[in-house]
Amino acid sequence: MIKTKATGPIPTGFQAIDGELALGGQKASALVAEHGSPLFIYAKSRLDDRMAELRAAMPDSLDLHYAMKANPYAPLLRHMIGLADGIDIASGGELRMALAAGAAPDHVSFAGPGKQDEELEQAIQAGVTINIESAGECDRALKIGKAFAKQPRLAIRVNPDFDLKGSGMKMGGGAKPFGMDIELVAPTVRQIVEAGADWRGFHIFAGSQALSADAIIETQAQTVALAARLATEIGQSPAHINLGGGFGIPYFPGDDPLDIIKVGDALSDQLARLPDILSSTQFAIELGRYLVGEAGVYLTRIVDRKQSQGQTFLVTDGGLHHQLAASGNFGTVVRRNYPAAIASRFEEEPVETVSIVGCLCTPLDRLSDNAAMPRAGVGDIVAIFCAGAYGASASPANFLGQGPAAELLLD
Ligand SMILES: *Cc1c(COP(=O)(O)O)cnc(C)c1O
């Protein structure tokens, strides 16, 4: 007997038509027949609902930014520009995509290590805020501003002296390529102000993919306290503070959704009793996967069903070249199963234990390991959920000459 491994929780709100998983009122098989397989489907209604829930939970005065590296698909990005108060980018390429999709430059901020002169120049010319990651980057930005007679808009990304606890990916605390160490912040702000550039404030990002409200609340409190300390040292109020994000979504068995009401209530309290030096500061949080992750599903057709030494494999036409994270090869220590289903038999009961694999010639290409599924064969369609973030754009599409999956934003 093969031991069955659980799959992650399927996000709520998905419906069936004629027993099949339905997206935007269309059956999975119809979507694949029309648009091909493999296929990423994103649903506008799910994006809208998620943003509305978040706005209702968070303080009214808080800006909600979309970190577009989670999903830069142009139609989805355009939709998110309409929903979010700002767009956070992390490269010159994302700058071009954001502007082409209609983002207003004064609502765009640019973080990330290793910004090249050309990228700084484009950002300064466009008038977007640059989150400065190092002393050298600050020097280069000021020099480029002078050369083009443009006043750069510069915020300081701070490397905080704390971590977001329980965070899937640690981005702060200790020696880091991201952000400036705390003792460098005040002198750098003075340098920016003296050079006549526009100092926009702070960006403090302490981690990603946290499901614990208490951990996020603690980090936000530490972040506000650190910003207040730095502003006091500088002797000037920051116009803007980006508190980071880190809101996670459940991917794996046993994961519970983040309690955003609890987070929002605590943040409202925080913002209601700010020290004077931050009383006129505009606060923002930046989220990627929380906004778009659960809005997406990856559909891939089964092309072979085979047995090997007593185990059943469902071999699909997709794989890790589109779903690196679901395969367990994007920053995870132990491979666990993403939420998955046989989309074409969404309402059938599980009757067998199968491994769902991709079509790449590597043992890494596993979409679901020993999962309990209804009986499926060639032509059935597999759905991998939570595919709206870090899917298509964060996977090696050209590996083994496969090429990208189709993507579609549904109304
Ligand atoms: C990647 C990143 C984000 C988005 O992270 P999610 O886990 O998708 O919410 C936000 N801010 C910064 C600085 C990032 O690098």
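Buried area is here the accessible area, computed with a 1.4 Å probe, that two parts lose on being put together, summed over both. The structure is a predicted model, in which local features need pLDDT of at least 70 and side-chain atom pairs count only at pLDDT 80 or more, while totals for chains, interfaces and linings use all residues. Residues are numbered from 1 along each chain as its sequence is written, and side-chain values use heavy atoms, with hydrogens and water left out.

**Domains and their interface**

The domain assignment, whose bounds come from an automatic or database source, divides the chain into domain 1 (15-43 + 293-410) and domain 2 (72-287). The C-alpha centres of domain 1 and domain 2 lie 34 Å apart. Between them the two domains bury about 1200 Å², and 69% of this area is on carbon and sulfur atoms. On the side of domain 1 that touches domain 2, strand β22 (residues 406-410) gives the most, with three residues; strands (E, at least two residues) and helices (H or I, at least four) are DSSP runs, numbered from the N terminus. Counting contact as heavy atoms within 4.5 Å, 13 residues of domain 1 meet ten residues of domain 2.

**Ligand surroundings**

Twelve residues surround the ligand, the closest being K69, S208, G288, R289 and Y390, where a residue is near a molecule if one of its heavy atoms lies within 4 Å of it.

| Residue | Protein atom | Distance to a ligand oxygen atom |
|---|---|---|
| K69 | polar side-chain atom | 2.8 Å |
| S208 | polar side-chain atom | 2.6 Å |
| R289 | polar backbone atom | 2.8 Å |

**Salt bridges and backbone geometry**

By the salt-bridge rule the count comes to 17. One of these joins the side chains of D369 and K5, at 2.8 Å from N to O. Because D369 lies in strand β20 (residues 366-373) and K5 in the segment before β1 (15-17), the pair ties together parts that are 364 residues apart in sequence.

Most residues other than glycine have a negative phi, and most peptide bonds are trans. The peptide bond from S37 to P38, however, is cis, with omega near -5°, and P38 lies in the loop between α1 (28-35) and β4 (39-43). Q309, a residue other than glycine, has a positive phi, near 50°, and its place is in the loop between β16 (296-308) and β17 (311-316).

Terms used: Polar contact = N/O pair within 3.5 Å; in protein donor to acceptor, adjacent residues only side chain to side chain. Salt bridge = Lys/Arg side-chain N within 4 Å of Asp/Glu carboxyl O.
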